[in-house]
Amino acid sequence: MPATMPTPASDEGPAQRWLRWLPGLAVLRSYQAAWLPRDLAAGLALTAMLVPVGIAYAEASGVPGVYGLYATIVPLLAYAIFGPSRILVLGPDSALAAPILAVVLSVSGGDPMRAVAAASLMAIIAGLFCIVLGLLRLGFITELLSKPIRYGYMNGIALTVLVSQLPKLFAIPIEDAGPLQELWRLAQAVADGQANGYAFAVGAASLAAILLLKRFDRVPGILIAVILATLAVSLLRLDVQGVKVLGEIPQGLPTFTWPWLSNADWATIVLGGCAVAMISFADTSVLSRTYAARTHTRVDPNQEMVGLGMANLAAGFFQGFPISSSASRTPVAEAAGARTQLTGVIGAAAVALLLVFAPNLLRYLPSSALAAVVIAAALGLFEFKDLRRIYRIQQWEFWLSMLCFAAVAVFGAIPGIGLAVVIAVIEFLWDGWRPHFAVLGRVPNLRGYHDLKRYPHAALIDGLVLFRWDAPLFFANAELFQQRLLEAVQASPTPVRRVVVAAEPVTSVDVTSADMLRELSQHLAKEGAALHFAEMKDPVRDKLKRFELTEILGDDHFHPTVESAVDNYLGL
């Protein structure tokens, strides 16, 4: 497997700099003929999943099924050029279906062409969002979402997708009104006898086949289930009995189109595009790192974001909709022996040939079978096992996950994801806003200085307060730092002549906290005490120097270790 280690910028020539942003061309230059048979076989095997899954996820996203094939062909080609991972397979994804559907339903007014245009615009916005963040080297941004929060919103999305497909399984039209209301209305409709038994039988049988065959890695369960369902509808003429089918799809390839909507809610479209971009990159980055670890390579997250953005941009301009990496199709490519992204190119070419030469093969594909494909994928999105572990070891993070889940389930995908991001920011700020701190003392027969709360019998040094702050100093916690330190001074059993801040955990300061330290130093001086620091990192000390604080305190107020600060105080 070719490596993707980035070349240091200082050593790059003009051609190398271009190739760094076009990793697919770099692989092509070193492509080995021995890889071709495996890439070809893997591409053909992958096609068996690309077609039914692409159509199913398109229907789940609120657009006609053929646009799922458009959103499969072009992004695979784009990612083969711009994507850093040599194994990832991109395309329509079940995790994106709920947010796309939420936007499409709100702006399309039931018009399929407006739905396609809205979905394409979302893809363009998602693509631009990813490209800009990648070029700004902000590929780490999705790491701000903690694991419990990701579990919460993904479980909510899984429930939303699952509930949205149940009406199709029963062939009952239900207006979108949020997962809980949809489920209630569906139950009422089924109780009233509105379900189509033939459609349900086809869909339930397809779902059972997919789930049963899923345990066999090399068996294309989705393809088998879809083929059997299509044959059953065609031979038994179940379409006459009310089983909805895909019908005729346009012959030919997607064309370049500039999507546009008049009188549209652009705020909803832009917000939706950014939301799916975040979900897409969060999933892609995790999957990319997983396969990079397996192949002992390294993938640049910023280039990953650019590659994903270019794939979404291509999808939007060629009648597609937002796409992501696939945790189901990528293993198929790997198991089939894929070596490079030529596998995806061959898969895209095979889908294109199907659209050009044999589009009517899909006309009897039943909607309930497509719903079964999406439901099976949604079931795979749920995460329960690790949540049980989180509940056992950190209950507040478990309930945080449940809050995100409830937000998506009650308010829908887009508002729920927005709330998840807000909660993530609050969680991040809270950890820094109210961090752990400690007053330190000397413990007999234990090296160093330790927290008095853990060692109540630790000895204090007369006139000295050792204070440790376990977080960066910034505007949100500067006042609390000052308050806690002064409380420690007041609690000292002897008059305080010196305060030493054990600053090793302090990784940064800002202007607000630097001004606070200046005021604190002056206040302590009036009380007859001096403010000193120990173990402060050089970059943080450089900042204090830039903020003109070092000149006020003096270089002799900074000590390399807590022990040397204590020795200095004792005159040793």
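1. A crossing of two helices is called left-handed if the near helix is turned anticlockwise from the far one by less than a right angle, and right-handed if clockwise. By that rule, H3 and H10 cross in a left-handed way. Helices here are DSSP runs of H or I with at least four residues, and strands are runs of E with at least two, numbered from the N terminus.

2. This is a predicted model, in which local features need pLDDT of at least 70 and side-chain atom pairs count only at pLDDT 80 or more, while totals for chains, interfaces and linings use all residues. Residues are numbered from 1 along each chain as its sequence is written, and side-chain values use heavy atoms, with hydrogens and water left out.

3. The average pLDDT (the predictor's confidence in each residue, from 0 to 100) of the protein chain is 87, and 95% of the residues score at least 70. Over residues 1-10 the pLDDT stays under 50, and the model has 20 contacts for them beyond four places in sequence; contact means heavy atoms within 4.5 Å. Where pLDDT is low, predicted coordinates should not be read in detail.

4. The domain assignment gives domain 1 (36-246 + 266-428) and domain 2 (437-570). Such bounds come from an automatic or database domain assignment. The C-alpha centres of the two domains lie 52 Å apart.

5. The axes of H3 and H10 come within 8 Å and cross at roughly 60°. Axes are lines fitted to C-alpha atoms, for helices over the stretch in contact, and angles run from 0 to 180 degrees between N-to-C directions. H3 is therefore oblique to H10; angles under 35 degrees count as roughly parallel, over 145 as roughly antiparallel, 65 to 115 as roughly perpendicular and the rest as oblique. Ala48, Met49, Pro52 and Val53 of H3 meet Ile222, Leu223 and Val226 of H10. By class, this contact has 7 nonpolar, no polar and no charged residues. Ala, Val, Leu, Ile, Met, Phe, Trp, Tyr, Cys and Pro count as nonpolar, Asp, Glu, Lys and Arg as charged, and the others, Gly among them, as polar.

6. Helix H3 (residues 36-60) also packs against helix H14 (residues 342-357), at an angle of about 50° with the axes 7 Å apart. H3 and H14 are therefore oblique to each other, and their crossing is right-handed.

7. The axes of helix H9 (residues 197-213) and helix H10 (residues 221-236) come within 8 Å and cross at roughly 155°, so H9 is roughly antiparallel to H10. This crossing is right-handed.
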